[in-house]
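Trainee: Could we go through a protein model together, one question at a time?
Mentor: Gladly, let's take a look.

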Amino acid sequence: MATDEEKAKRAVIQAAKELVKKGLVARTWGNISARISDTQFVITPSGLSYDTLTEDKVVTVNIRDVSYEGHVKPSSEAGIHADVYKLRPSVGAVIHTHQKAASVISVCPEGLLIESEKEKALLGDMAPCTAYGMPGTKKLRKAVRKTVSDYPKSRGFLLPRHGALLVSSDLETAFLEAEALESAAEKKYHSMVREGDSVRKRPPELTKELYIRIRRGCGANHVIYTGEVATLFFSKKGEKLSPWLDDLSQIAGVNIGRCDISDVKSMVRELRHKNAVFIKGYGALCTGNTKEDALAVKTILEKGCMAALYGEKASAARPLNSIDARIQRFVYRYKYSSGAYNR
Ligand SMILES: [Zn+2]
């Protein structure tokens, strides 16, 4: 017979795969935990892919002091999960996502009023936004602890310029909460931003030869084009893309520039230190060492463009400060090169 701990580990693995499948995280970022007793919970590990996650890689952590059993390191946000279990004895599961719309509206510190009755039943009347802290830091942990105590009836929280946290009786309900939060956040976004609806096909000027020149010039194995609606809209504007979100700074780069479609030299120059560049009026190019890397950059760039469009409309919204953004880019590149890239 499986113990409660084994059952909880299996449920966490299932949920981690579900999180990737549902697009609530790009690649393996985000983390999931389930309580197994008054004193312990199990959580996804730090730095390991969710595709190949096995029970021995899911970590059992003590709620009191975040100490853990075995040699596998728990998610760097394990302290946040521990605090939630401590503050809310009825909570049995916690998930942290980088879901698109909720991350986008998290650039504004006001939080999100939940309006539909169905969403209120899952989330409470409000999804408050915590204060900012860089991922994996004590500052973020403290900020989340404060907001979770200040809003005892809320079950969805926005982590500014980063993502969301859902707390629930069980994992299944936590997913329903994530979906309800996403739907409420989408409504909020579309009430503020009109980016048009035309999705551009890859421009004919981006020939195979040009891709080869770009790949050779910047040293990336994969270059992909995006003409997604927010990215296309942003590419028509005159500015660089400020670091609105943590994952944008980490995996795409800080202050992503814009070049003319005929100016391949400038594109290559931008892509030597960043993983994306805008093409004036056409969308953007994203690079990566693997196709999955390039696709992750694409997803995150599209989300970053939405955040910038939303941030311009919401007067209280601010991008990340450039020092925090640059530190994150540096740490990500260092960690990525050592193979540890999830949180
Ligand atoms: Zn995160």
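This is a predicted model: local features need pLDDT of at least 70, side-chain atom pairs count only at pLDDT 80 or more; totals for chains, interfaces and linings use all residues.

Mentor: Residues are numbered from 1 along each chain as its sequence is written, and side-chain values use heavy atoms, with hydrogens and water left out.

Trainee: What area is buried between domain 1 and domain 2?
Mentor: The chain divides into domain 1 (4–192) and domain 2 (208–337), with bounds from an automatic or database domain assignment. Buried area is the accessible area (1.4 Å probe) that two parts lose on being put together, summed over both. Carbon and sulfur atoms give 68% of it, and the total is about 2,200 Å².

Trainee: How many residues of domain 2 are in contact with domain 1?
Mentor: Contact means heavy atoms within 4.5 Å. On the domain 1 side there are 21 such residues, and on the domain 2 side the number is 29.

Trainee: Why is helix 2 described as largely enclosed?
Mentor: Helices (H or I, at least four residues) and strands (E, at least two) are DSSP runs, numbered from the N terminus. Buried means under 20% relative accessible area (1.4 Å probe, protein chains only). Among the buried residues of helix 2 are His81 and Tyr85, and they pack against elements including strand 1 (31–35) and helix 5 (138–150). Helix 2 (residues 78–87) is largely enclosed by the rest of the structure because 8 of its 10 residues are buried.

Notes: Buried means under 20% relative accessible area, exposed over 50%, partly exposed in between (1.4 Å probe, protein chains only).
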